Amino acid sequence: ATQFFEQATIALQRARTIFEGEGDEEMAATSLQDLGLCFYYQKRYKKAMLLYTSACRVIVAQLGSCHPDLAVPTFNIANILCATGQYRKAIVFYRIAYSINVTAPGQGHAW
(Lines give C-alpha, C1' and ligand atoms only; values in the text may rest on other atoms or scores of the structure.)
Protein backbone atom coordinates (compact mmCIF):
# COMPACT_ATOMS: atom_id res chain seq x y z
CA ALA A 1 0.00 0.00 0.00
CA THR A 2 2.88 2.36 0.73
CA GLN A 3 4.09 2.18 -2.87
CA PHE A 4 0.59 3.06 -4.09
CA PHE A 5 0.45 6.14 -1.86
CA GLU A 6 3.92 7.22 -2.96
CA GLN A 7 2.92 6.97 -6.63
CA ALA A 8 -0.38 8.72 -6.01
CA THR A 9 1.34 11.51 -4.11
CA ILE A 10 3.82 12.09 -6.93
CA ALA A 11 1.05 12.15 -9.54
CA LEU A 12 -1.12 14.50 -7.49
CA GLN A 13 1.77 16.87 -6.79
CA ARG A 14 2.51 16.93 -10.51
CA ALA A 15 -1.15 17.67 -11.26
CA ARG A 16 -1.19 20.46 -8.69
CA THR A 17 1.90 22.04 -10.28
CA ILE A 18 0.30 21.87 -13.72
CA PHE A 19 -2.97 23.40 -12.54
CA GLU A 20 -1.18 26.17 -10.67
CA GLY A 21 0.97 26.86 -13.74
CA GLU A 22 -2.15 27.14 -15.87
CA GLY A 23 -3.78 29.45 -13.32
CA ASP A 24 -6.56 26.96 -12.63
CA GLU A 25 -6.92 27.59 -8.91
CA GLU A 26 -10.09 25.50 -8.59
CA MET A 27 -8.35 22.38 -9.88
CA ALA A 28 -5.27 23.20 -7.80
CA ALA A 29 -7.54 23.22 -4.73
CA THR A 30 -8.97 19.86 -5.81
CA SER A 31 -5.43 18.50 -6.08
CA LEU A 32 -4.69 19.77 -2.57
CA GLN A 33 -7.76 17.93 -1.30
CA ASP A 34 -6.77 14.74 -3.10
CA LEU A 35 -3.26 14.95 -1.66
CA GLY A 36 -4.80 15.50 1.76
CA LEU A 37 -6.83 12.35 1.33
CA CYS A 38 -3.69 10.36 0.50
CA PHE A 39 -2.05 11.56 3.70
CA TYR A 40 -5.24 11.03 5.73
CA TYR A 41 -5.37 7.36 4.72
CA GLN A 42 -1.74 7.00 5.77
CA LYS A 43 -2.65 8.56 9.16
CA ARG A 44 -0.34 11.47 8.43
CA TYR A 45 -2.86 13.87 9.86
CA LYS A 46 -0.68 16.97 10.24
CA LYS A 47 0.24 16.93 6.57
CA ALA A 48 -3.37 16.22 5.57
CA MET A 49 -4.59 19.09 7.74
CA LEU A 50 -2.15 21.51 6.10
CA LEU A 51 -3.34 20.48 2.65
CA TYR A 52 -7.05 20.72 3.52
CA THR A 53 -6.48 24.12 5.12
CA SER A 54 -4.65 25.28 2.01
CA ALA A 55 -7.50 24.03 -0.17
CA CYS A 56 -9.97 25.98 1.97
CA ARG A 57 -7.90 29.16 1.58
CA VAL A 58 -7.80 28.77 -2.20
CA ILE A 59 -11.54 28.09 -2.42
CA VAL A 60 -12.45 31.05 -0.21
CA ALA A 61 -10.13 33.35 -2.18
CA GLN A 62 -11.48 32.20 -5.55
CA LEU A 63 -15.13 31.38 -4.87
CA GLY A 64 -16.08 32.87 -1.51
CA SER A 65 -16.75 31.52 1.95
CA CYS A 66 -20.22 30.13 1.19
CA HIS A 67 -19.40 28.22 -2.00
CA PRO A 68 -20.44 24.52 -2.01
CA ASP A 69 -16.88 23.45 -2.92
CA LEU A 70 -15.81 24.54 0.56
CA ALA A 71 -17.95 21.88 2.24
CA VAL A 72 -15.74 18.91 1.31
CA PRO A 73 -12.40 20.11 2.71
CA THR A 74 -14.24 21.47 5.77
CA PHE A 75 -15.80 18.05 6.33
CA ASN A 76 -12.39 16.42 5.85
CA ILE A 77 -10.88 18.74 8.47
CA ALA A 78 -13.61 17.54 10.84
CA ASN A 79 -12.68 13.93 10.06
CA ILE A 80 -9.05 14.61 10.97
CA LEU A 81 -10.11 16.26 14.20
CA CYS A 82 -12.18 13.17 15.04
CA ALA A 83 -9.32 10.85 14.16
CA THR A 84 -7.08 12.76 16.55
CA GLY A 85 -9.61 12.79 19.38
CA GLN A 86 -10.58 16.46 19.07
CA TYR A 87 -14.31 15.79 19.01
CA ARG A 88 -15.57 19.19 20.15
CA LYS A 89 -13.58 20.96 17.46
CA ALA A 90 -14.75 18.39 14.90
CA ILE A 91 -18.40 19.13 15.66
CA VAL A 92 -17.82 22.79 14.79
CA PHE A 93 -16.39 21.86 11.39
CA TYR A 94 -19.10 19.27 10.71
CA ARG A 95 -21.69 21.95 11.40
CA ILE A 96 -19.98 24.40 9.08
CA ALA A 97 -19.82 21.80 6.30
CA TYR A 98 -23.47 20.91 6.84
CA SER A 99 -24.48 24.56 6.80
CA ILE A 100 -22.64 25.13 3.52
CA ASN A 101 -24.32 22.09 1.96
CA VAL A 102 -27.76 23.15 3.12
CA THR A 103 -27.59 26.83 2.19
CA ALA A 104 -25.17 27.12 -0.73
CA PRO A 105 -26.92 25.08 -3.45
CA GLY A 106 -30.26 26.84 -2.94
CA GLN A 107 -33.72 25.41 -2.84
CA GLY A 108 -34.60 22.70 -5.27
CA HIS A 109 -31.00 21.56 -5.68
CA ALA A 110 -30.52 17.79 -6.14
CA TRP A 111 -28.47 17.40 -2.95
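Two residues are in contact when heavy atoms of theirs lie within 4.5 Å. Keep in mind that this is a predicted model, where local features need pLDDT of at least 70, side-chain atom pairs count only at pLDDT 80 or more, and totals for chains, interfaces and linings use all residues. Residues are numbered from 1 along each chain as its sequence is written, and side-chain values use heavy atoms, with hydrogens and water left out.

View 1. Thr9 sits in helix H1, residues 2-22 (helices are DSSP runs of H or I, at least four residues, numbered from the N terminus). Is Thr9 buried or exposed? Its relative accessible area is 11%, so it is buried (buried means under 20%, exposed over 50%, partly exposed in between, using a 1.4 Å probe and protein chains only). Skip the neighbours within four places in sequence, and Thr9 still touches Leu35, Cys38, Phe39 and Gln42. Thr9 also has a polar side-chain atom 2.7 Å from the backbone oxygen of Phe5.

View 2. Glu20 and Arg16 join side chains here, 3.1 Å from N to O (a salt bridge needs a side-chain nitrogen of Lys or Arg within 4 Å of a carboxyl oxygen of Asp or Glu). By that rule, the count is one salt bridge. The two residues are four apart in helix H1, about one turn. Glu20 is partly exposed at 37%, and Arg16 is partly exposed too, at 28%.

**View 3. Tyrosine rings together.** Which residues do ring pairs link into a cluster? They are Tyr40, Tyr41 and Tyr45. Rings of Phe, Tyr and Trp (its six-membered ring) pair if their centres lie within 6.5 Å; planes under 30 degrees apart are stacked, over 60 edge-to-face, and the rest tilted. The structure has four aromatic pairs. One of them, Tyr40 with Tyr45, is tilted, with 5.6 Å between centres and 55° between planes. Tyr40 is partly exposed, at 22% relative accessible area.

**View 4. The loop between H2 and H3.** Look for Arg44 between helix H2 (25-41) and helix H3 (45-63). Lys43 is in this loop as well. Most residues other than glycine have a negative phi. Lys43 isn't a glycine, yet its phi is positive, about 65°. Lys43 is exposed, with a relative accessible area of 62%, while Arg44 is partly exposed at 42%. How far apart are Arg44 and Ala71 in space? C-alpha to C-alpha, it's 21 Å, with 27 residues of separation in sequence.

Conventions: Polar contact = N/O pair within 3.5 Å; in protein donor to acceptor, adjacent residues only side chain to side chain.
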